[in-house]
Amino acid sequence: MEKNHNLTKEIIARDLKNLNDKLFHMLNYSSLKEISDLILEESTRLTCSKYCYVAFVDPKNGDSVGISFSHLTTGCQYYADLGEARFKIRKDGTYGGLLGYSLDTGESFFTHDPKNHPVAHGLPPGHEPIEQFLSVAVKHEGEILGQIVLANPEEKYGPEDLEIAEKIANSYGLALKEIIHQK
């Protein structure tokens, strides 16, 4: 798990443990937004990514609800003011597109050519360019509870970035199970 930056395997392992400890303590006094913001911060830092989107699956209706995200369009401020960016699940039970692929399949993946990925259907007008894309389904005991999406790293994504994102997703899954799904 080593990239050509200042984060060594040991530092990443230590930081992932610290993240787990922080999340455990935050569960008693923090909002889902605060926890998701921490996930965004650590995901982008540990994978050296420029952009991130952190979402949960609404247990009431299945919508994917992004509550912590980088601002990639002028419309992002509108969603930030609302407190969420909601992507409705389609009638066929899928989300579709590149953003929904890990939610639809439960699989983590990255691509160095997102605009030509088989499920990609383009970006909205005014969206920042996405050169690389990594997405992880957040799961707990096999149930998909959310998603972490990263984009445009300093260096190309590799298996080590996917591994880091999956470890963060495991921690976020435990938090989501405790906060949302225990209510």
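Begin by selecting residues 49-57, strand β1, together with residues 143-153, strand β6: seven bridges join these two strands, which run antiparallel. The model on display is a predicted one. Within this pair, highlight V54, which stands opposite I148 in β6.

Six strands make up an open sheet with antiparallel pairing, and their order is β3-β2-β1-β6-β5-β4. At its edges are β3 (85-87) and β4 (109-111); each has a single partner strand, so one side of each is left without a neighbour in the sheet. Viewed from one strand to the next, the twist averages 20°.

Then select residues 159-179, helix α5, which lies across β1, β4, β5 (133-140) and β6. Helix α5 runs at about 35° to β5.

Two packed helices are described by the angle between their axes and the distance between the axes. For α2 and α5, the angle is about 175° and the axes are 10 Å apart. That angle makes α2 roughly antiparallel to α5, because angles over 145 degrees count as roughly antiparallel.

To see the contact itself, show the side chains on both helices. From α2, select L32, I35, S36, I39, E42, S43, L46 and T47; these meet D161, I164, I168, Y172, A175, L176 and I179 in α5. Sorted by class, this contact of α2 with α5 has 10 nonpolar, three polar and two charged residues.

The last stop concerns aromatic rings. The structure holds three aromatic pairs. Select Y101 and F109 to see one of them: the ring centres are 5.1 Å apart and the planes stand at 90°, so the pair is edge-to-face. Y101 is partly exposed, with a relative accessible area of 24%, whereas F109, at 11% relative accessibility, counts as buried.

With Y101, F109 and F133 displayed together, one aromatic cluster is in view.

Conventions:
Residues are numbered from 1 along each chain as its sequence is written. This is a predicted model: local features need pLDDT of at least 70, side-chain atom pairs count only at pLDDT 80 or more; totals for chains, interfaces and linings use all residues. Side-chain values use heavy atoms; hydrogens and water are left out. Two strands pair if DSSP finds at least two bridges between them. Helices (H or I, at least four residues) and strands (E, at least two) are DSSP runs, numbered from the N terminus. Axes are lines fitted to C-alpha atoms, for helices over the stretch in contact, and angles run from 0 to 180 degrees between N-to-C directions. Contact means heavy atoms within 4.5 Å. Angles under 35 degrees count as roughly parallel, over 145 as roughly antiparallel, 65 to 115 as roughly perpendicular and the rest as oblique. Ala, Val, Leu, Ile, Met, Phe, Trp, Tyr, Cys and Pro count as nonpolar, Asp, Glu, Lys and Arg as charged, and the others, Gly among them, as polar. Rings of Phe, Tyr and Trp (its six-membered ring) pair if their centres lie within 6.5 Å; planes under 30 degrees apart count as stacked, over 60 as edge-to-face and the rest as tilted. Buried means under 20% relative accessible area, exposed over 50%, partly exposed in between (1.4 Å probe, protein chains only).
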